Every structure is written in C-alpha cells, then in structure tokens.
Amino acid sequence: MPGNIRSVSVVSVALLCLVFCSQPTTLDAAPLCTNAEAGCHVLSLANLFDRVIQHSARMHGISNDLHSEFELYFLPSKNQIGRVSRNCHTSNILTPNGKENAQRMAREELTEVILKLLVAWRDPLWHFHQSMTHFHDFIDFSSNKSLKMSDMVHELRKGVQKVVEKMQMLGILSNSVSSLMSPEAFLASGSAEWRLMKDYELLYCFRRDSNKVQNYLKILKCRIVPEDGC
Amino acid sequence: MVCARMVKHLRLPLLLLLLALAAECNSMSKPGKPDKLGCRSPDKETFFCWWTPGSDGGLPTVHRLYYKTEGRETVRQCPDYHTAHSCFFSKTYTSIWVEYTVIVEASNALGNTSSDPLTFDLMDIVKPYAPENVTLVVSIEDNPHLTIQWHTPSNIDTKSGWVTLKNQLRIKPEKSKIWKNYTSDTQTHFTIYNIELGVVYMVEVRCAIDNSAWSEWTNTTFVKVPNFPRTDNSFWILVFSLSLIPLLAAMIILILKRKTVKKYILPPVPAPKIRGVDVQLLKSGRSEDVINAMLLNQRFPVMMPWKDQNEDYLIVSDKETSYLPLEKNKIFILPVAITLDSEVQSKETSEVDRFLKDSESSSEESSDKTKSSQLLTKCPSTNVLNDEKANQLKGVTEKIIQPFGISGYVDIPRHEHTLEADYSQVNEVNGDNILITKKENVPHTLDTQGQEGGVLDDYSRKHSDSVNASIRAKGYIDWVNQKPKNPYVTGHSEIGVCPQLVGCGYVDTFPPPAVI
C-alpha cells in the first residue's frame, strides 16, 4: 500500500511538473525557432527586414495609386489653392522628417514610431473601405485598392512585430517596446479625430505615413544589419 | 539771391516733371510676373528652386523667393540665392514629409509682382542627376558580351538606406532607331550578351530614387564590337582567289585541247572495214580498180576445179570393168581426193569395202604397178592401175561415152599421181574420205583435150570444197553445182574417179565437157 501511494504520488508530481513546466512556454508568444528543426524555417534578421521593407514599399505604392485615382475620379479640378492644412490624425505622433533626424533617433524610439503609425491606420483604412463600398464604380476603377490597403496595414504591423521580437531576442532591442504593442492603447487616444477627416485628406495622409514607415524601416535595417542593400 | 530762392522752390516740381516726362518716354512699369517656378531635389536631402523672370519693366528689378512650411506660419526667404534666378535649400532647411509653399516676387521701383505659389512635398520633387562615368567593356572571347559599368551620382548617399536607387539603361546599334531598355535595380553594372560583331553600339543610363521621377539620360557612349580575327574576310578572299587561278588554267587547257580530250574520253569506234580495200578507191569508182581491190587482194581458199555435175557423167560399163561383178549394179562415187590408203580405206563405207573386197577377191591379176598409186590399197592388190592403164583410161575418156545400160552416170573425178604423193601436199581433211591437197596457185583453165594430164595433175592437187563436200561414198551422185570463185578457174575437167579404180576397171568416165 505505501508503495502504491508512493508511486502514484511520484507519477502525479511528474505529471504536474510536466504540465506546469510546459505552460510558461505556451503562455508566451511562440518563440521563433532558433534551431534548424524540421519544418521550422529559420529566417535571419536581415531576411525579415527585407520582407517587411518590401511589404511596406508595396503598401506605399498602392496608397500612392489610390490617392491619384481618387483625385482623378472625384476631384478633377486639381488646382486648389491653399489646399489643406494637413490635419492628419497621426500628426501628434512625433516623426523625424529627415535622414539625420531619423538616424539620430534611438532604435527603440524609431521602432515605436513605426508601430504607432501602423497601429493608428488600421481602423481608419477599414472604415474608409466601408465608406467606399457605396461607390461601386470607384471600387472597380481602383481595383478595390482600399481593401488591399487595409489588409496590408494589418499584415505589415504583424510583420514589424515579428521583427521586433527577433531583435529583442537577439538583444538588439530592449524590452521597453513591448509595452506599447497593444493596439487598444493607440485607439483609445484620439480615435475620433480621423472620422473628421475627409476621405481625400485621409488618403493623402496615409500616403505620406506609408512612405515614412518604409523609410524608417530602411534606416533601421541599415543601422542594425548593415549588409548589402544599404 | 532771388534766383537761388526760385531754384529751391522749383526743384521739387521740376524733378517731378522730369520724372513724369521720363516715365512717359520709357513706359516703365511694374516687373513682369516670374514664371515657370520649379523645384527639384537631386538627393532627397536638399532641394533647389528656379524661376523665369518676367519683364523688368524698365527698372532694376529684384526677385525674391519666399516660402512657407506646413505647420509654421512664418514666411521665410530663400536661404541661398547661389545662382541667378534660383534658390538652394540646404539640409538644414530641408524637411521631408512637410509641405512647402514657395512663391517668387519680383519687385522694382514701381511695384511688386508675385508668381503663382508652388506647393510640394519633398518626396514628390525628388529627381536625381544622371549617373556618372559610364564605361563599356567588350569581350569576344567565348560568348561575345558587353559589360556596362557606371557610378551613382556623387551627391547621393546610398549607405544609410535613406536612398534606394534603381537604374535603367538603353542600348541600340548605331544605325538602328529603336532603343532596347534594360532595368538593373541597384547594381551599377550590367552585361548584355546578344550583341553582334562588327557593330557600333550606343549606350545610355539613367537612375531613379525610390519611386520618384527618372533622371536624365547620360551622354551617349559609343562602343565598337570587333570582329573575330579568324573570320577575317580578306584571308579567305585571298585563299579563294589563289585556288581559282589553277582552276581557270585547267579549264582553258581543256577547252583548247578539247579534241584530244574528246578522243581520250570517247575513243572513236572503228568503222567496218574490209582489209585491203581502200574506201577511197571504192569511192573513186573505177571498176577495174575496184575489182582488183576486191578480188586480187583477197585470199581465197584453194579451190579445186570442179565440174558441173549435170554435165559430167561417167559411164560405167560392164565391158570395161570386167572386174566388176555383173550382179553389182551399184553406182560408185569416189571423191576426187579420196585417199585410198589403207587407213582411209577403213573409213570408207561398207559398200565400197564390200565392193572392194569383192573386187579384191575377184581380181588377182592386178598388176603391182598400181601399188604406187595407192589409191585403194585393196585395189592395187587386185586391180592396180598402172600407168598404161591410166593412159588407157585417159584415152577412154576421150572416147565417146558409151552408154552403159546397167548403171547410171557417175561423175567421178580422176586423179593420179598426186594421189601417190605423200600427205605433205594435203591441205586439210574435209570429211571422212577427203583430203584437200595444197595448192596455192589459182588453177588455170583446163583444156580437157590436151592437158589432161595437167588437168589431172591439177585435179589431183587441187581441191574443190564443193565437190568433196558433196561426194559421199555411199553410192550416189551429188555434185554441188557451185560457181567458181575465180572465173579463171575452170571447172573440173573430166572427172576421173581414182584412176586406179578406173584402172581397176570399175568405171569409165565420160569425157567431161570443158567447163569454164
């Protein structure tokens, strides 16, 4: 009898151990596999950077096209003197507006800026697409770019997050960035402003911001992994 | 003093008058509006603007550029007018992702004139300079290819990642009108493989920053692709021309000597020709000559004189030929040149043998003299013809033919001595019982009467194919009637069967008519 109990307790302890020991790993985000295991394709940081940079370039290209198509379709008279005070809802995000400024900025700061921008545009683009659904002709004319754009922003944000994780894992980036990852924090502040923007302005603002993201990512890459391509 | 005061008072209005006069004379006005305002950033870090001034209105005009940035309300003036009618913004004054509003103002004494404002963001006015140092390298070793290399514009910083360049080049053969474009993303070199040898190519390169506008094309660079040395045409032309000379010479020789060549290749087939006959002679037409040619020169085979069979007969009578048994009514034909040698004798027909045997048996009184004739070996044993008898026979031949009731006519040639002769005179053997004796001479005409002996001699020596061929020893008369080939040759004279036989008394000959 005591032997049985003993064995049972040992087994139960072992089981508990297994359960609890494995949990922390599951609680965290699935780490990028560092070993060359079967089915686990390891990407280098440079590769990851290249991917997100390409993604951002594509996104900027679509936003550029959509902006000119919108202008062509809805606003044929282009000459609008004193056009706009560009009231982009992301104006409160402090972004470096030059090469030196971007280079002088810390990696973490720059990464944060990128993420902030990407997070800030997810909802506005979605709603923009929703508002465009009434204009079926425009959707055909623009080949449904608004939908693509909103998807791309979402995907790019996830990609940048992956890069950040990798950098943090490699010790390049401190862990201070992670606290700002949750999108809800961004949405809560100044979320209503974008509803006031006109669509045309929205497109202009997004076009500029996507260019910012692309350039910041390039600067970051060439600072962190200065391989060929810089 | 009064004058000085007057001048003082009059100074101002005078001046105004002068000015008014001047203005009326020159039509001075405000400056014209500055036009074509443009701005460009060649490196995405600085930019410059330019404009075209309007008329100056006859007065010294000053152009000023004012700008305003987004978010700032202050209007600032151009930081650097480093060339006329342009303004340069350095890095300090350059910001991206902010909107600039630029305006140019021309002002003179009479007023100001402003241009249209220009609003732009730096990322929209990026346009790099053209690439530099375009070099072309041609290689025709294995695969002919052209390597093009260039440098990015010197003012662009590509290390920081701030600028991503992409390049484009175009190439065309000098004589073509169509350019071929190739894109090279960030590389500053490019290799083209589909080049033709011996062609001059023109190459131009341009670049762009991110997705901005393309730069200008570089100045055209020329390159000539050389030919392969071994396909040098002049060498082959030389070889070809040298090999052509002997060929031509051979052809000329061939043409000049075509007859000889023709003879060699196609030897002439000899035309039919009669030996000894001259075609030209025939053509001349003289009959005597022709006849001479045709006949004299020919060699005719030796011919025995022959007799027309219809005309010569032998009377075989019982009286003369006592040796002949009466029962025997056979007609015997003995060929002219029959050799009645013992060997030949054996070849004779059975009838003759029988006859001879009979005669042999029946005649014992034959003289031995006829042995020399050797016509019939058996005959001599019995009825040898001696000379006298032969003569007698000859004489018999002269006589008139006495019909012989029993037998028919036999035409038998006679011969005598020559049959005694040895076989050296035999020309050939024709048939079983025939010996052709040699005689080269053409037999002469026979005089049956007076030259019997000669005739006989001749007979014995000559031979007639026709006669011998037809004579059989079987007991029939069959003289082939043949024309004499030589008209000078008469036919046979009297025909005597073997004199021995005649002498043996078997037959008697008719006197043969002269046959010519």
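Which cysteine forms a disulfide with A:C88? Select A:C88 together with A:C205: the two form a disulfide, with their sulfur atoms 1.7 Å apart. A disulfide here is a pair of cysteine sulfur atoms within 2.5 Å.

Before you go on, a word on the model. It is a predicted one, where local features need pLDDT of at least 70 and side-chain atom pairs count only at pLDDT 80 or more, while totals for chains, interfaces and linings use all residues. Residues are numbered from 1 along each chain as its sequence is written, chains are lettered from A and ligands numbered from 1 in the order in which they are written, and side-chain values use heavy atoms, with hydrogens and water left out.

**First stop: chain A**

Stay with A:C88 and A:C205 and look along the S-S bond: the torsion is about -90°, so this disulfide is left-handed. A:C88 sits in the loop between α2 (45–74) and α3 (99–104) of chain A, and A:C205 in helix α8 (residues 199–224), so the pair ties together parts 117 residues apart in sequence. Helices (H or I, at least four residues) and strands (E, at least two) are DSSP runs, numbered from the N terminus. Both A:C88 and A:C205 are buried, a word that means under 20% relative accessible area with a 1.4 Å probe and protein chains only (exposed is over 50%, partly exposed in between).

**Second stop: chain B**

The structure holds 3 disulfides over all chains. Select B:C39 and B:C49 for another of them, S to S 1.7 Å. Its torsion is about 100°, so it is right-handed. B:C39 belongs to strand β1 (residues 35–40) and B:C49 to strand β2 (residues 47–52), 10 residues apart. Both B:C39 and B:C49 are buried.

Now pick B:C78 and B:C87, joined with S to S 1.6 Å. Here the torsion is about 110°, so this disulfide is right-handed too. B:C78 counts as buried because its relative accessibility is 7%, and B:C87 because its value is 0%.

Zoom in on B:F47. Leaving aside neighbours within four places in sequence, its contacts (heavy atoms within 4.5 Å) include B:C39, B:C87, B:F89 and B:Y100.
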